[in-house]
Every structure is written in C-alpha cells, then in structure tokens.
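These are my notebook entries on a set of local features that I looked up in one structure. I record each item in turn.

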Amino acid sequence: MSEQGHKQGAVRFGMVIDLDKCTGCMACSVACQAENNISFREDESNKLRSISWMEVFYLDNDQDYANYQYTYLPRPCMHCDAPHHAPCTFVCPVNATTRDEENGIVGHIYPRCIGCRYCIVACPYHARDFNWWDPAWPEPMEAMLNPEVSPRMRGVVEKCTFCHHRLLKARAKAFLEEQDLYEVTYMPACGEACPTKAISFGNLNDAESQVAKLAKDPRAFRLLSKLNTEPKVYYLSKHEWVRKQGDKHFQNSNGNKRG
Amino acid sequence: MKFGRRAFLQFAAGAVGGTLLSPLPWKLVDDASIWSQNWSWRPSPERGPVTRKASVCTLCDGGCGIQVRLVNKNRAISVEGNPRHPVNEGGICPLGAAGAQFLYAPYRISQPMKQSKKRGDATGFKPISWDEAVGELQKKLSNLRKAETPHTVAAITGHAHNSMQDLWQQFFTAYGSQNLFTMPSHRDSLQGAGLLALGREAPFAFDLEHASFILSFGADLVEGWGSPGRMQTLFGKWNASEAEGAAVKLVQVASRCSMTAAKADRWIPVRPGSEAALALGMAHVMVKEKLYDASFMQDHVFGFEDWTDTRGKPRQGFKSFLMAAENSLEAASQQTGLEAPRIVDLAREFAAQNHAVAVWGGSGGNLPENTYHDLVFFALNVLKGNLKPGGMLSLAATVPLGELPQIRGDETARKGLAQKSADQIGDEKPSLTGRNLYAFLSLVAQAPPYPIEILMIHEANPAYGLAGKQTFEKAVERVGWMVSFSSYMDETALLADIILPNHAALERLDDVIGLPGSPLAYYAVAAPVLPPRLNTRHTGDVLLQLARSMGGSVGEALPWKSHEEFLQERVKGLAAAEGGAVFEESPSDWGKVKVGSTPHRNYTDGAGLWKKLSAGHCWYDAPRDPLQEIRSASGKIELAFQTLDSKGWAVEKDELYLPRFALQAPSGDPKEYPLLLLPYRMSSLSYGYHPNPPFMTKTVWDFVLKGKESFVELHPGTAQSMGLKEGDRIILKTPGGEATVRVHLFPGARPEAVYMPLGLGRKGYDAYIGGKGANVNSLLDVQGDPLSGQGIAWSARAQLKRLG
C-alpha cells in the first residue's frame with residue numbers, strides 16, 4: 001500500500017440500489033436483521049441508539065402538497081474505496097476495521113474493537129452502530145440466531161459486512177468444486193429479499209456484471225461523492241432532486257428529515 | 001552485594017524484556033480476547049448444517065412461495081422468498097421475512113387455557129388439558145343441539161381464502177347454524193358488485209402483467225394490495241430501466257401522497273373519498289367525446305342505453321345518466337377538487353392507451369368499499385372494453401377443488417338453519433351477498449334476536465382490528481361463552497373464556513385458494529416447516545374431533561380423520577377436475593399464460609399432485625374469457641342492476657340502479673369536528689391478525705412512533721393555522737372516541753384531513769409489541785353500505801386539541 005493508492009484485487013464487490021424500483025417496504029432491513037443476528041430492544045424509536053445495518057433514510061423534494069414527492073433510501077455500509085483508506089479504517093487505532101484489498105469489503109473484527117467509536121465519528125454515512133447494551137433476545141427467540149454470524153457483545157461497534165460470510169460460504173463451495181475462487185459471486189440477504197429486485201450486487205471490476213453496467217447508468221449517483229470516499233454502493237434515480245440530495249446540494253426546511 | 005538503584009533498574013528492564021520474550025503476555029491477551037468473546041450472557045447460536053424447506057406463506061392471502069432456512073432441521077432462522085415461485089420470484093415482504101419471529105414469539109399460547117376469573121383478566125387463565133378443553137366445548141355444543149337451539153352458536157374466522165373457511169361452513173351447516181362470519185374485506189363488496197354486474201359472486205381480477213397504463217383510484221398497490229408479492233414483483237418490472245425493457249405508466253389518484261403516489265409516474269391529488277367522482281367525470285368525458293368502445297357496449301352491455309324494468313317501467317340508462325347535471329364535468333371538478341381540464345386530459349389519455357386499466361381498493365383491499373363505487377370503477381373499465389378476451393379485467397377464476405360431502409342434516413340442524421342468521425333480523429334491506437359481521441355485532445350488542453350462547457373466533461382479532469371496535473366488545477359482553485383458537489395472547493383471546501391454541505403458521509398445514517386480484521386460477525399448499533413447538537393443535541383437527549364425537553349427521557358431514565386427510569381429499573378432487581397444471585416453468589413465464597389456453601398437465605393423480613404441492617409448487621389454470629362467465633339475467637354485462645329487483649328491492653329512483661357517486665359523509669357536526677380522519681397503511685406496519693414483529697418495528701420512522709406515542713400527519717399549513725408544530729401533543733377526538741397523539745408535519749397530507757397509520761396501538765402481547773401508539777380502528781366511523789349493507793369504515797370526522 002502506498003500514499004498514492006491501494007492495491008486492487010481482481011474482485012471489487014459493489015451494490016446498486018434502484019430507487020425507482022424501491023417501494024420502501026423495508027424487507028431488506030428485516031432480512032438483514034434476521035441474517036446478521038442484529039439485536040433489538042423493547043423500544044427502537046431512539047434512532048441514535050438503534051442498531052440497523054441496513055438503515056433506511058427519508059428524502060423529499062421540499063415541495064408542497066400537489067407537487068410533494070418523497071423516496072426511501074436504503075443505506076448499507078458504503079464499503080468506501082477511497083485511495084489509501086476508508087474514513088473508518090483510517091481512524092481505527094487497533095486495526096479492528098480494515099478493508100480487504102482482495103475484494104474491497106470493509107470488515108469489522110469485533111474482538112479487536114475497543115469501543116472507542118472513532119470510526120462512528122469518522123463515517124459520513126452513519127453506517128456504524130455501537131452496542132450500548134448487551135444483546136438480549138426475548139425467550140425463546142434465541143432459537144432464531146443464525147450460526148453463520150456471531151452475535152456481538154456490549155461495547156463494540158458493528159456495521160454491514162456485505163454479508164461477507166456468504167462470500168466465504170460461496171468460495172468454500174467453489175473450492176470443493178475446484179472452480180476459480182475469484183469468479184465467485186453471491187447475493188447479500190438484503191438483495192435476496194428485495195421484492196422489486198431493486199438491489200443488484202456483484203463484482204464492479206467485471207465489466208459484464210450487472211452492477212458494473214448499472215453503475216454507468218445516467219441515473220446513477222453515489223452518496224456524498226464530493227467527499228471522495230469512493231463508495232462502492234451506487235444508487236439509481238430518474239429524479240434530479242433525489243440525485244442532488246445524494247450529494248446534499250440543498251437544504252431542507254421542514255425540519256422533519258433524517259439523513 | 002548492595003542492591004542499588006542501578007541494579008534495580010537492570011532487574012526491572014530484564015524482567016520486562018524477559019516477560020516479553022516469554023509467551024506469557026501474548027497468551028494473556030489471547031485469553032482475554034477469547035474470554036471477552038465468550039461472556040456467558042452473550043448467546044452463542046447452536047451450530048449445525050443449514051437446510052432450506054420450501055412452503056407457501058400464509059401470513060396473508062398473497063400466496064407467496066417461501067423457503068425457510070433451518071439449522072439441524074429443528075430451528076428456523078429466517079424466511080426467504082422462493083426464487084422458483086411465480087408469484088414473488090424470490091422476493092419477500094417484511095412481514096414474511098420476519099415470519100420466524102411469530103414462531104418463537106413470547107406471546108404465543110403454549111397450551112389450552114381456561115379463564116378462572118373475570119373475562120379479560122390476563123392473570124385468570126389456568127392451563128387445562130386438551131381433553132378437558134375439547135370435551136367442555138363438545139359438551140356445550142351437544143347440549144345446545146339437545147335443546148334444539150344450534151342457531152345460537154356463532155363463529156368469526158379471519159380466513160376467507162383457504163379450506164378452513166369451507167370446513168367451518170361444513171361444520172356449521174351440519175351443526176345447524178347460519179351464524180358463520182368472516183372478517184371484513186374488500187372481497188365482500190366486490191362479490192356484491194360481481195353479482196350485480198355479471199351475475200356472479202366473484203371478485204374482479206386484473207391482468208396487470210400486460211397492462212401499459214395503470215390508473216389506480218386510491219389502490220395502495222405497493223403497500224400491499226391484492227397479493228403483495230405479485231404487486232411488488234410487478235412494480236419492479238414496470239420500472240425496469242430502458243435497457244431492461246419498456247416501462248409501464250402508473251397514475252395514482254389519492255388524497256394523501258401515499259408510497260404508491262410517491263412512486264407513481266404521476267400523483268393526482270383529490271378530495272378524500274372522491275376517487276369515484278373522478279372516475280364518473282372521466283366516464284362522462286369518454287361518452288361525450290365518444291372515446292368509449294361503442295361496439296363492445298352495443299354487443300355486450302345491458303343498461304348503457306335506457307331500459308325497461310320487469311314491471312314495464314322505462315328507466316334511465318348509464319349513458320344518459322352520465323349526461324345528467326349531477327355527473328357533469330363541473331360536478332366532478334367540484335367533488336374532486338380538480339380542475340375540469342385535468343379530468344378531460346386524464347380521460348383522453350386513459351381512452352387512448354391500448355392496455356389501460358383502472359384499479360381500486362384502498363386499505364390494501366382489506367376493507368369493503370362502497371359497492372356503488374366498486375361498480376363505478378368497473379363501469380370505467382367496461383367503457384374501455386376491458387372485458388373483451390385479452391382485456392385487462394375479468395372475474396377471479398374458480399379452483400375446482402373436491403366437493404365436500406353432501407350434508408344430510410338431521411331435524412335439529414334443519415330447525416337451526418330455518419332460523420335467520422343473527423345479522424338479518426330487523427327491517428333492513430335484504431342483503432346482497434354473504435353475512436354482515438357489523439350488523440351481527442351491533443344486533444348482538446343491542447337487541448339480539450336470540451341469545452348467542454357460544455362465539456368462536458378463529459385466526460381473527462376483531463377486538464383490535466375491527467373499526468368501531470367498541471361494538472365488538474359490547475357484543476362479547478352479551479355472548480354466553482367465547483372460544484378463541486388464537487396462537488397468540490391477543491386482544492380477542494384475552495376476552496375469551498377458553499382458548500384452544502392453533503399451531504403457528506410455519507408449524508401447520510394449510511392451503512391458499514386463489515390469488516387476490518389475479519386472473520389466473522391459483523392453488524397452493526403450505527406444508528409445515530417444523531413440528532409444533534408447543535402443546536397446540538390445528539383448529540381443523542379440533543373441528544373434526546368435535547364433529548366425530550358429536551356423531552350422527554354432523555360426524556357424517558365431516559368424515560375425515562385429520563385436517564391433512566381433508567386437504568388431500570380436496571386435492572384429489574382438483575387432480576380429477578379438468579384443466580390446470582403445476583407450475584414448474586421459469587417464474588417469468590407466469591405472465592405469458594394466455595386466456596383460455598390449456599396448461600400442459602403434469603400430474604396423473606391426487607397423490608402425485610399432493611406431492612408436488614407440498615414441495616412448494618403451486619397449481620394454476622389459465623384465465624377464462626370473462627364474456628363466457630357472465631350469468632346475469634340479460635346474459636350481458638349489466639350497468640343497470642336489474643338483479644336488485646329479483647333480490648326484492650323496491651327501487652324507485654332510476655339512478656339507484658346505476659353506478660353512481662354515493663359518498664357517505666361520516667357522522668358528526670363539521671363545525672365541531674372540522675377535520676377528516678383517514679387511516680393509511682405502511683408496508684412496515686402489520687395491521688391484521690398478526691402483530692408487528694420486532695424486526696419490523698425497528699424500521700418504523702421516529703416520526704410515526706416515538707417511545708409509546710404515535711404521530712398523526714397534518715399538512716404544515718393546517719398545523720400552522722392551528723398553532724401546532726412538529727412533535728406537539730394533541731388529543732384527537734372523533735365521534736367514536738379519542739386518543740392522545742403527536743403531530744407530524746407532512747406536506748403530502750390533504751389540508752382538510754388528518755392521517756393516522758394502521759397497525760399501532762395493540763395491547764398485551766409482550767413489551768416489544770403492546771402499548772405502542774394509538775389504534776386508529778377505535779376512532780373510525782362505521783357506516784352501512786347503501787347496497788350491500790356491509791360496514792364501511794373509511795374515515796371519521798375529527799377535531800384536534802393541543803395538550804398542555
């Protein structure tokens with residue numbers, strides 16, 4: 001790794017979310033919670049304390065009644081591809097969060113995490129959540145826990161992993177079948193659940209992949225692209241007001257917005 | 001040797017160096033991290049092979065294919081869409097995705113319970129055995145038959161689209177009572193509309209797979225209308241990028257900027273409840289400008305031109321009625337609040353499209369609509385010629401399941417059935433179709449024609465979900481004995497005297513008959529994914545056991561040993577019937593099934609069909625030509641409803657025979673209650689029998705629910721004129737009740753309205769569900785439909801008062 005840039009493997013996983021197809025049903029967020037053993041509490045309405053890897057934001061066009069429009073915007077971790085470092089990996093004092101240069105996935109190693117929360121401060125997308133409490137499931141809901149993902153403990157940070165464990169599983173299968181490990185693709189839980197097929201996922205480096213093609217769509221944009229964090233999550237929208245807000249070009253006046 | 005300062009430092013440095021060279025510190029760090037990952041209170045999921053089991057979701061009537069991921073084949077960890085299933089093509093809704101949370105819900109009822117204290121006291125439930133529970137119910141049922149009063153038994157079921165409904169019907173007919181009710185649904189009014197227009201009690205179906213222009217009159221297409229899985233899949237296809245194929249245009253007519261309105265190509269905001277007035281205005285324009293399908297109207301429609309009733313009296317037809325002053329463009333403009341040129345443009349656009357269709361049904365099709373309005377939207381489709389073969393509208397196809405055995409019916413049953421059902425006493429107009437739950441409940445609450453000795457509730461939660469729910473609570477007070485079959489300790493189960501808990505959805509065998517809103521015939525079997533976790537029993541098996549122990553003609557009418565055998569018999573009948581096949585093609589071929597085609601049959605007998613169905617496949621048949629399905633008196637589509645005559649209605653005014661705008665203003669003085677309260681639905685809030693699972697509650701906005709308080713939506717201008725700001729606490733009062741809520745400013749709200757989400761304000765269950773927000777159902781106003789008499793609850797008059 002140098003100051004000029006980072007090593008790039010043949011595989012760079014990325015996601016494209018088509019907001020024109022998204023109906024804000026929240027199935028992605030629910031499927032993510034079930035897949036990743038995300039804990040929940042009796043009251044989840046304090047959104048600053050709520051853990052949600054696939055958080056959904058609310059955007060509107062700031063017009064009145066007849067011209068009013070809004071859209072929901074699902075936000076996983078952006079798995080920033082910026083040269084040298086993603087904002088979070090740059091600040092982590094214990095190397096708990098790192099980018100896998102072989103596939104571009106920004107991971108978080110819970111036992112290494114000392115809970116300093118620098119990464120939460122550094123992330124411009126609010127993609128990281130802190131475990132303020134011990135995770136606890138009401139009896140007998142522990143039976144639902146997915147053995148492929150470890151539940152986190154109090155005091156560590158967690159975030160979307162692009163369902164990295166699914167990649168490991170797909171590669172293990174490919175290895176046994178003696179196939180090329182770098183040809184392996186997979187689908188995270190959110191994209192699998194999406195009932196309108198708004199979420200595509202794949203290798204951005206493969207020019208033939210659907211994500212690589214969609215990322216070049218004229219409707220495509222990325223969140224806060226002016227920060228040069230180079231997110232690997234792309235959004236599609238036919239509405240200019242949505243694309244503009246992706247980069248926070250204008251302010252809202254209603255005071256009821258999040259995100 | 002003197003141990004000086006220098007020696008001490010040497011020793012200390014040596015000790016540090018030595019320790020670092022030894023494995024000790026690394027071992028300690030390693031141990032510490034291992035320990036910190038293994039806190040005993042942090043759960044460690046049991047490991048094991050992960051497998052998938054395919055089934056069909058029964059949390060709603062949508063008929064989506066699912067596959068449940070199991071660990072060690074005994075623990076369900078998540079529910080996914082089945083990618084090979086044609087309805088949802090692998091997608092899933094949030095309720096389905098959270099489905100396993102119902103299986104492991106803490107509020108499930110673990111065994112039969114009997115209330116030992118006062119009704120409604122949660123602490124009074126005492127566990128009893130299944131033998132005692134079924135024995136007691138059976139004794140009471142037998143005693144009522146001995147007393148020759150079987151008609152005093154009633155039941156409410158939440159299932160209208162599966163064989164359990166038929167089993168209940170069979171049981172009630174054999175037992176001798178007419179008092180079997182289903183929870184209200186849009187199907188109730190649509191069946192009435194189908195009867196009047198086409199002579200068939202079947203809901204309409206829409207070929208949305210082939211439409212190019214969809215005009216939705218308040219239908220929440222993406223919030224879960226008809227079959228939510230089908231609609232979401234279609235919505236994704238309608239919005240395919242240019243590279244993926246041509247796009248479909250969606251125009252939404254609604255008073256509130258719902259998710260469907262926000263996602264549509266165009267939102268046409270109208271006054272609350274005036275969608276049908278817009279449709280009539282468009283019909284007016286289409287007739288005036290001759291934009292309708294004239295040859296179709298000539299050949300296939302009765303009542304478009306003036307007509308003569310059976311008594312020889314000349315009557316006005318729909319065509320001249322549309323030209324009357326009350327249906328003028330100005331009238332439509334005034335009722336909807338839209339400028340006249342916009343109505344004209346919309347009518348021309350609709351008429352010009354090759355594959356345009358009008359759809360309707362607010363509240364996700366889960367509440368009855370005004371039947372006249374159902375017929376107005378239907379008439380707009382008729383003007384477009386949409387009932388032609390290859391047209392966009394037809395009647396839902398029937399599934400030729402095996403017939404149930406003929407009921408011999410003993411003397412007691414005949415006596416019981418001779419008694420009118422408890423909703424039909426009184427001097428109201430004869431009902432068009434089916435039973436009327438609201439009429440039943442209000443009669444039982446006020447002046448019951450005869451006492452209701454036993455009320456059984458199956459997979460329904462009227463104490464929470466019925467608008468104007470006070471009626472239900474009052475009715476229950478006068479019911480002798482209430483039986484609940486609920487799996488959950490919900491609001492209704494809490495009021496029961498005895499609970500015979502059903503298995504949870506993923507633990508039991510069920511079926512799905514028909515796909516709401518789809519023209520294809522559809523049948524699926526939901527095979528159990530796991531064995532029952534608790535000491536519960538399938539309600540179907542309980543009914544069969546009751547019939548068996550009662551014996552006689554009741555036992556004969558329900559001869560099956562188990563609910564499974566009953567379903568297998570029905571499937572055997574389906575296999576023996578003509579037509580249909582199991583869908584095994586690529587899911588994208590689902591939309592290519594042609595009207596009147598014959599699918600290639602891929603099973604030989606009932607057992608073979610059963611095997612395929614219980615593996616998660618579905619049975620289907622091609623849509624029928626709607627013109628061949630007409631059974632009306634004239635043999636044509638009737639836009640003048642002469643069936644009303646044969647149903648014993650004495651209709652004076654000509655217009656009462658015709659599709660018309662018949663908005664019923666909610667009760668209350670507009671001066672006292674200046675605003676209109678309207679419920680709305682969100683796909684992340686479950687408002688039916690199943691409560692919102694914690695996974696879904698996490699996704700609810702903090703401007704919909706904050707702590708224990710829920711919000712109502714107000715237009716910023718309206719709020720300002722009342723001096724209200726975002727987050728202010730108010731008392732929302734309607735003639736039916738009041739609730740303390742907070743204000744959320746929403747520019748998509750109609751200025752004269754206040755909107756409240758469905759699905760909040762449940763009581764009981766557990767701390768993750770109960771006590772969150774206010775229940776809009778308890779505030780709504782229930783009115784009788786002018787045609788069907790069914791209860792309609794679309795709004796209420798409301799006033800807001802600031803708190804503090």
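**Entry 1: strand β30 of chain B**

I began with strand pairing: strand β25 (residues 675-680) of chain B and β30(B) pair in the parallel sense over five bridges. I note that the model is a predicted one. Opposite B:Tyr755 of β30(B) I found B:Leu678.

I then checked burial along strand β30 (residues 753-757) of chain B. Five of the five residues of β30(B) are buried, so the strand is largely enclosed by the rest of the structure. In a regular strand the side chains alternate between the two faces of the sheet. For β30(B) I listed B:Ala753, B:Tyr755 and B:Pro757 as pointing one way, and B:Val754 and B:Met756 as pointing the other way.

**Entry 2: helix α20 of chain B**

Which residues of helix α20 (residues 470-477) of chain B are buried? I found B:Phe472, B:Ala475 and B:Val476. Viewed down the axis of α20(B), these buried residues fall within an arc of 100°, so they line one face of the helix. An α-helix has 3.6 residues a turn, so residues three or four places apart point the same way.

I next looked up what covers the buried residues of α20(B). The cover includes the helices α18 (437-446), α19 (462-465) and α21 (491-494) of chain B. It also includes the strands β6 (153-157), β17 (454-458) and β18 (481-484) of chain B.

**Entry 3: a helix crossing in chain B**

I examined helix α6 (residues 163-175) and helix α24 (residues 563-576) of chain B, whose axes come within 11 Å and cross at roughly 105°. That angle makes α6(B) roughly perpendicular to α24(B). On the α6(B) side I recorded B:Ser163, B:Met164, B:Asp166 and B:Leu167 in the contact, and on the α24(B) side B:His563, B:Phe566, B:Leu567 and B:Arg570. By class, the contact of α6(B) with α24(B) comprises four nonpolar, two polar and two charged residues.

**Entry 4: backbone geometry in loops of chain A**

I found a cis peptide bond from A:Glu139 to A:Pro140, with omega near 5°. A:Pro140 lies in the loop between β6 (128-130) and β7 (157-159) of chain A.

A:His79 is not a glycine, although its phi is positive, at about 45°. I placed A:His79 in the loop between β3 (70-75) and α2 (87-91) of chain A. Is A:His79 buried or exposed? A:His79 is buried, with a relative accessible area of 0%.

A:Asn228, also a residue other than glycine, has a positive phi near 55°. A:Asn228 lies in the loop between β9 (220-221) and β10 (233-236) of chain A. I recorded A:Asn228 as exposed, with a relative accessible area of 53%.

Conventions
Residues numbered from 1 in each chain as written. Chains lettered and ligands numbered in written order. Predicted model: local features only at pLDDT ≥ 70, side-chain atom pairs only at ≥ 80, totals over all residues. Heavy atoms only, no water. Buried < 20%, exposed > 50% of the residue type's maximum accessible area, 1.4 Å probe, protein only. Helix = DSSP H or I, 4+ residues; strand = E, 2+ residues; numbered from the N terminus. Arc of directions from axis to C-beta. Contact = heavy atoms within 4.5 Å. Axes fitted to C-alpha atoms, helices over the stretch in contact; angles between N-to-C directions. Parallel < 35°, antiparallel > 145°, perpendicular 65-115°, else oblique. Nonpolar A, V, L, I, M, F, W, Y, C, P; charged D, E, K, R; others polar. Pairing = 2+ DSSP bridges.
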